[in-house]
Amino acid sequence: YDVTVTTNDQLLVADFDHHCIYTFTLDGNYVSKFATRGPGRGQLSKPISLTTDLCGFVLVAEVGNNRVSIFNKDGKFVHCFGSRGSDDGKFNGPCGIALSPTGNIYVSDTINTRVQIFSTY
């Protein structure tokens, strides 16, 4: 449901229904896809929003797993954080993600009616 352009001029598309990320050229030609459906590390469940940082890392907000998953520029899993809940660092319907120029991560936590801010990942 979301798209972003990478630092190496590729278009990334979060596919909510197929639980993966597609990579295209800026002309719209298919390049690759990464991730499969599931709760495991490197798997996605209902990815709804994504962004990239200046180093090429891809940050994905997942509604189904209530977490943020991070992949490198080649689509290899690096790290994830968050789980279902209402405490700090937990999510209940993370539906948007953005990075500030200083590197802070902003995650809209819909059902908990808040935006959480993380300084590192």
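Asn-65 is found in the loop between β6 (58-62) and β7 (67-71); strands are DSSP runs of E of at least two residues, numbered from the N terminus. The model is predicted: local features need pLDDT of at least 70, side-chain atom pairs count only at pLDDT 80 or more, and totals for chains, interfaces and linings use all residues. Residues are numbered from 1 along each chain as its sequence is written, and side-chain values use heavy atoms, with hydrogens and water left out.

Asn-65 is buried, with a relative accessible area of 17%. Buried means under 20% relative accessible area, exposed over 50%, and partly exposed in between, with a 1.4 Å probe and protein chains only. Contacts are heavy atoms within 4.5 Å. On this basis Asn-65 touches Gly-38, Pro-39, Gln-43, Leu-44 and Ser-45, not counting residues up to four places away in sequence. A polar atom of the Asn-65 side chain lies 3.0 Å from the backbone oxygen of Gly-38. Polar contacts are pairs of N or O atoms within 3.5 Å; within protein, one must be able to donate a hydrogen and the other to accept it, and residues adjacent in sequence count only if both atoms are side-chain atoms.

Asp-88 is exposed, with a relative accessible area of 73%. Its contacts are Arg-114 and Gln-116, again leaving out residues up to four places away in sequence. Asp-88 and Ile-117 are 29 residues apart in sequence, yet their C-alpha atoms are 9.7 Å apart.

The chain has 0 helices and 11 strands. Its radius of gyration is 13 Å, close to the 14 Å that the globule rule gives for 121 residues, so the chain is as compact as a globular protein of that length. The radius is taken over C-alpha atoms, and the rule is 2.2 Å times the number of residues to the power 0.38. Along its principal axes the C-alpha trace spans about 40 × 30 × 20 Å. Buried residues account for 43% of the 121 residues. Of the contacts between residues at least 6 apart in sequence, 33% join residues at least 24 apart. The accessible surface is about 6,300 Å², and 52% of it belongs to carbon and sulfur atoms. Areas come from the Shrake-Rupley method with a 1.4 Å probe; for residues, only the protein chains shown count as cover.

Strands pair if DSSP finds at least two bridges between them. β1 and β2 (residues 10-15) run antiparallel and are joined by 4 bridges. Asp-2 has Ala-14 in β2 as its bridge partner. β3 (residues 20-25) and β4 (residues 30-34) pair over 4 bridges, also in the antiparallel sense. Here Phe-24 stands opposite Tyr-30. The β3 and β4 hairpin has 4 residues between the strands, and Gly-28 takes a positive phi near 95°.

Another open sheet has 3 strands in the order β9-β10-β11, with antiparallel pairing. β9 (94-99) and β11 (114-118) stand at the edges with a single partner strand each, so one side of each is left without a neighbour in the sheet. Antiparallel pairing of β9 with β10 (residues 105-109) covers 5 bridges. Ile-97 stands opposite Val-107 in β10.
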